[in-house]
Amino acid sequence: MKVAIFSTKPYDKEALRHYDNDEVDLSYFEVPLNIATAHYAQGFDAVSAFVNDDLGEATLAKLAEYGIRLVALRCAGFNNVDLEAAAKLDIKIVRVPAYSPYAVAEHTIGLMLALSRKLYKAYNRVREGNFSLNGLLGFDFHGKTVGIIGAGKIGLLVAERLKAFGCEILVYDPFLCKSCEEQGFKQVPLEQLYAESHIISLHCPLTRQTQNMINEDALDQMRANVMLINTGRGGLIDTRALIKALKSRKVGYVGLDVYEEEGALFFEDHSNDIILDDKFERLLTFPNVLVTGHQAYFTHEALEHIAETTIQNLIAFKYQRKLDNEISFSK
Ligand code: NAI
């Protein structure tokens, strides 16, 4: 079975090669998959795509025209796929449901600590021989209330880690979180989480319901000086509203690993380009904002797991076995 792997970076190739075998014939393309690049899929049986590839109706229709019947996502999130169009076009979508929730949870904690103790400033200061502590005052996590939105694999790991710091944990999830009670995490309505949390961390999927859930209204309900962390998906936050809340000092700290229009920026070196996204550039001017470029998942263990599961998904499709990691369309 011939598979076109899109959005391939050297580290992806390295990881996939490790799990490559005679069952699948992989060809690597650095370009992202979208309507303009879909033609590369001609002559292949399946494609593999990543988080910011555009799998809207137009791209899927092109893939269907070339006879592609499987898209193997190398990620967990699938907000970039039009599942309804895929179902109509008889294209199956599989994903890697969990590669390393630990990687994302650990990065989330890293962002929180770096912000609170201003490690990103301290690093530069000390290298320049500036040992002044002015402006580096942090706060103890011990005794603080943390609100976790989305009590899934990653959210619960973040909660467990913060509990060990001595934080009180509030959780919001539309579904009953059975293990929350056992672990002493309080499942509360969103309004209560907003009102009581010193730190709020987003770990729910991006859906029609959660799109821009952190908007002006939500930000208004939060405590002054709140720390907001997003390692979920960029679209969860209305960036304009966030900038306004940063300017008014309502929000005291922001840590982002994802950004709503990251597709035009992330995973590439733009250091010699003029960045045209003014919203993004404005965010970077705040001294209390720390942005990483969708690297929360990026550990050895996660890359290995992504490669292994992707190959398993492809082989299952080849032999028409049950696709354990299929995402089906439901209204
Ligand atoms: P999961 O599926 O285990 O958990 C998601 C949780 O969100 C579930 O408990 C679900 O009930 C809850 N949820 C659904 N709708 C909600 C709503 N409206 N409000 C609050 N909670 C809601 O997913 P997992 O593995 O914990 O991943 C969470 C998210 O993290 C993914 O959807 C993905 O977008 C993001 N992610 C980010 C990565 C990165 O590198 N930055 C890497 C992997 C995932």
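What follows is a short tour of the protein chain and then of the ligand's surroundings.

Keep in mind that this is a predicted model. The protein chain has 331 residues, and its radius of gyration of 21 Å agrees with the value near 20 Å that a compact globule would have.

**The protein chain**
- Its secondary structure comes to twelve helices and twelve strands.
- Along its principal axes, the C-alpha trace spans about 60 × 50 × 35 Å.
- Buried residues make up 50% of the 331 residues in the chain.
- If you look at contacts with a separation of 6 or more, 65% of them join residues 24 or more positions apart.
- The chain's accessible surface is about 16,500 Å², and carbon and sulfur atoms account for 50% of that.

**Who surrounds the ligand**

- Ile154 uses its backbone here: one of its backbone N or O atoms sits 2.9 Å from an oxygen atom of the ligand.
- Tyr297 also brings in a backbone N or O atom, 3.1 Å from a ligand oxygen atom.
- With Arg233 it's the side chain, which has an N or O atom 3.4 Å from an oxygen atom of the ligand.
- On its own the ligand has 870 Å² of accessible area, and the protein covers 83% of it.

Terms used:
Residues are numbered from 1 along each chain as its sequence is written. This is a predicted model: local features need pLDDT of at least 70, side-chain atom pairs count only at pLDDT 80 or more; totals for chains, interfaces and linings use all residues. Side-chain values use heavy atoms; hydrogens and water are left out. A polar contact is a pair of N or O atoms within 3.5 Å; within protein, one must be able to donate a hydrogen and the other to accept it, and residues adjacent in sequence count only if both atoms are side-chain atoms. Accessible areas come from the Shrake-Rupley method with a 1.4 Å probe; for residues, only the protein chains shown count as cover. Helices (H or I, at least four residues) and strands (E, at least two) are DSSP runs, numbered from the N terminus. The radius of gyration is taken over C-alpha atoms; the globule rule is 2.2 Å times the number of residues to the power 0.38. Buried means under 20% relative accessible area, exposed over 50%, partly exposed in between (1.4 Å probe, protein chains only). Contact means heavy atoms within 4.5 Å.
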